[in-house]
Amino acid sequence: MDKATEKSLEKLLKLHARGLGIPDGSAELFITKTLAAVKKSLKEKSVITAADLKRLVAKELKKYNRDFAYVYEKYDTII
Amino acid sequence: MTTIIPVIILILSMLIFLFLQILPGTFAIFYHFALAKFSRKKSDDLSLSFILGTEIFMATIWLLVYSIVYAIFTGGNFNNPSFSFFLLGGITFALAIVSATCYFRRGKTTATFLPRRIVNGIIARIIAIKTQKDAIILGFFTGVFELIFTLPIIVAANIILQNTGAIPRALVIIIAIICTIIPLFIIRWFFRHDYNLADIERLRIKLKPHYRIILCLTFFALTLALINLGIISHG
């Protein structure tokens, strides 16, 4: 995962967390741990699609906050 | 023209405005991102601006269609509305089938028929919103995406109102606008009472089959009423 993708992903996750009312400190912790876990699983893969990345991130986020994972996974299929 | 069938058509039309889902979906995401970027009070104000934009769009469309229908029917070239009713009946029948099959996409989502590129554009627009003017414009243009479903209804209603003096036009327009914005106020109520986007979306997914059935049956009933009215006008 390149720096630009990671940065934009982090920004989006922070927006979702704030929208859900998750305190900033907790959100920061969830996002850091999630991205670290995702980067670790991506080391084994040479190619990954955007959908795969989304599923990986949502799977990791689910461990910390189900609503956060749900909104991240589904927000672009609401309309 | 008897007044009962036109009134039934108008009531069915209002039901359709209540159950269409593009505006409520857009509004839910809008409120979610507004809460992410701004304070509760500002998010609330922006949500009211969005609703205002929707109201302006509906009023504009109704007045535009009224002008066109008035010009056609009082121009002297087209006095018999029966053909229009048969045509609109055909269109609403097609919409009944479309709403049952492709209004919502498959799966556990409330994603609609809109292409993903347009949806991503709307979401990018929502994330970039800063002022009330942006919110009004977004509310206004979101109504455009449902025109394929709402325009035939608005045309039918205006033709009926043109040919039936008994029903006050302004009242019908006001009720139509209210029916369009009721789902938005319901979603706003949920957000103001500490529900979040996840809760609202889970509820919408639960209600999705019901929306589908209601839309399909309402369009179907509208078809029958319009064809009936066409036959009566022709006779």
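Reader: At what angle do the axes of helix α1 and helix α2 of chain A cross?

Author: First, the ground rules: this is a predicted model, where local features need pLDDT of at least 70, side-chain atom pairs count only at pLDDT 80 or more, and totals for chains, interfaces and linings use all residues. Residues are numbered from 1 along each chain as its sequence is written, while chains are lettered from A and ligands numbered from 1 in the order in which they are written. Helices are DSSP runs (H or I, at least four residues), numbered from the N terminus. Axes are lines fitted to C-alpha atoms, for helices over the stretch in contact, with angles from 0 to 180 degrees between N-to-C directions. Here α1(A), residues 3-20, and α2(A), residues 24-42, come within 10 Å and cross at roughly 145 degrees.

Reader: Which residues meet there?

Author: Contact means C-beta atoms, placed from the backbone, within 7 Å. E6(A), E10(A), L13(A), K14(A) and A17(A) of α1(A) meet A27(A), I31(A) and L35(A) of α2(A).

Reader: And what does F68(A) touch, beyond its neighbours within four places in sequence?

Author: F68(A) is in contact with H16(A), A17(A), L20(A), I22(A), F30(A) and L61(A).

Reader: Now the interface: how many residues of chain B are in contact with chain A?

Author: Chain B brings 22 residues against 15 of chain A. On the chain B side, α2(B) gives the most, with 9 residues.

Technical notes
Helix = DSSP H or I, 4+ residues; strand = E, 2+ residues; numbered from the N terminus. Contact = placed C-beta atoms within 7 Å.
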